[in-house]
Amino acid sequence: MNGALRIFDNEATLFEAAADKFTALAGQSIAERGRFTVALAGGGTPKGLYQQLADAPYRERLDWSKVEWFWGDERPVGPEDPESNYRMAFESLLGPLGVDPARVHRIIGEHERPETAAVEYQKEIAHVFGVPFDGPPPALDFVLLGMGSDGHTASLFPFTQALNVRKKWVAANDVPQMTTRRYTLTSLAINVAACVMFLVTGPGKAKTLRDVLTGPPEPKRFPSQMIKPTAGELWWYVDRGAASLLE
Ligand code: 6PG
């Protein structure tokens, strides 16, 4: 199996453990390097973790002004849109914490030119890390991911173009199966991170989780299998429902 798996009785205990891990890593990174760089996940599952982090005792555990906030993916919408991953994270975490907007690096989902939006986000990441934007991707300290019941993660959907990207850190990805376009960090950028954590809950994801973790390698069909950090940690935090088909 790729990475360490932790199974929790319910979402509450899962989010508590994830909040403990997040704040422990962040505290260490801030102590050692003066900051913590994180890419947040969208969708519904992480909202409970974000609310937990914005609440006591976690909100007192960190100097949140030392955190640089990025996103693993975004929908083709603006920051006010109910579909916006930025908006969900802002309402459940960044707003309640009162974070400095200068440390918030959102993907411009509403951009009219998708390819330009992807390049600009790569340049934004490069700027924050102080590295050339056309070289290898820098290592985020922490990347939070979810997994769809089709095995996608971030916006790396099955059999889509972004799965074939070799050099880019960020891709504008057409998703014909959802007749939409998404913006996503590529597996290249995710796999250099110091720590990658999947949050997966609910029996609806049990079959896919079993196939992703114990099935034959089919990364085009199950893009979550493409997440294999080159030097970093990989954690699967799942609840009993999602783990119900794992031996
Ligand atoms: C998104 C996400 C996506 C999400 C999965 C799981 O923008 O939708 O980033 O990758 O993590 O679709 O979504 P749920 O947590 O809602 O099941």
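Helices here are DSSP runs of H or I of at least four residues, strands are E runs of at least two, and both are numbered from the N terminus. With that in hand, take Thr 179, in the loop between strand 6 and strand 7. One caution before going on: this is a predicted model.

Back to Thr 179. Its phi is near 40°, a positive value in a residue other than glycine. Is Thr 179 buried or exposed? Exposed, with 74% relative accessibility.

Phe 159 also has a positive phi, about 60°, and it is not a glycine. Where does Phe 159 sit? In the loop between strand 5, residues 142-145, and strand 6, residues 170-175. Phe 159 counts as exposed because its relative accessibility is 61%, and the cut-off for exposed is over 50%.

One more backbone point. The peptide bond joining Ala 56 and Pro 57 is cis, with omega about 0°. Pro 57 is in the loop between helix 2, which covers 47-53, and strand 3.

Now the charges. How many salt bridges does the structure hold? It holds 15. I will go through some of them.

Start with Arg 103 and Glu 68. Their side chains meet in a salt bridge at 2.5 Å, N to O. Arg 103 is in the loop between helix 3 (85-97) and helix 4 (114-129), while Glu 68 is in strand 3 (residues 67-71), so this pair ties together parts that are 35 residues apart in sequence. How exposed are the two ends? Arg 103 is partly exposed, with a relative accessible area of 29%. Glu 68 has 7% relative accessibility and counts as buried, because buried means under 20%.

Next, Asp 73 and Arg 182. This salt bridge is 3.7 Å, N to O. Which elements does the pair join? Asp 73 belongs to strand 4 (residues 73-74) and Arg 182 to strand 7 (residues 180-185), so the bridge ties together parts 109 residues apart in sequence. Both Asp 73 and Arg 182 are buried.

Then Glu 218 and Arg 221. Their side chains meet at 3.1 Å, N to O, in another salt bridge. Both count as partly exposed: Glu 218 at 27% relative accessibility, Arg 221 at 37%. There is also a network: Glu 32, Arg 33 and Asp 141 are joined by salt bridges that share partners.

On to packing. Look at helix 6, residues 206-214. Which of its residues are buried? Ala 206, Thr 208, Leu 209, Asp 211, Val 212 and Leu 213. What do they pack against? Strand 1, at 4-8, and strand 9, at 233-239.

Follow the chain into the loop between helix 6 and strand 9, and you find Ile 227. Ile 227 is buried, with a relative accessible area of 0%. In sequence, Ile 227 and Leu 188 are 39 residues apart. In space, the C-alpha to C-alpha distance between Ile 227 and Leu 188 is 8.8 Å.

I will take the cavity, then the pocket.

How many cavities of 30 Å³ or more are there? The count comes to 1. About 50 Å³ of space lies in the largest cavity. Its lining is Ile 125, Phe 129, Pro 137, Pro 138, Leu 140, Trp 169, Leu 185 and Ala 189. By class, that lining is 8 nonpolar, no polar and no charged.

Now the largest pocket. It holds about 260 Å³ of space. What lines it? There are 23 lining residues, and Gly 42, Gly 43, Gly 146, Met 147 and His 152 lie nearest its centre. The lining of the largest pocket divides into 9 nonpolar, 10 polar and 4 charged residues.

Note on methods
Residues numbered from 1 in each chain as written. Predicted model: local features only at pLDDT ≥ 70, side-chain atom pairs only at ≥ 80, totals over all residues. Heavy atoms only, no water. 1 Å grid on protein atoms, 1.4 Å probe; cavity = no way out; pocket = protein on both sides within 12 Å on 5 of 7 lines; lining within 4 Å. Points joined across faces, edges and corners; volume = space filled by probe spheres on them. Nonpolar A, V, L, I, M, F, W, Y, C, P; charged D, E, K, R; others polar. Salt bridge = Lys/Arg side-chain N within 4 Å of Asp/Glu carboxyl O. Buried < 20%, exposed > 50% of the residue type's maximum accessible area, 1.4 Å probe, protein only. Contact = heavy atoms within 4.5 Å.
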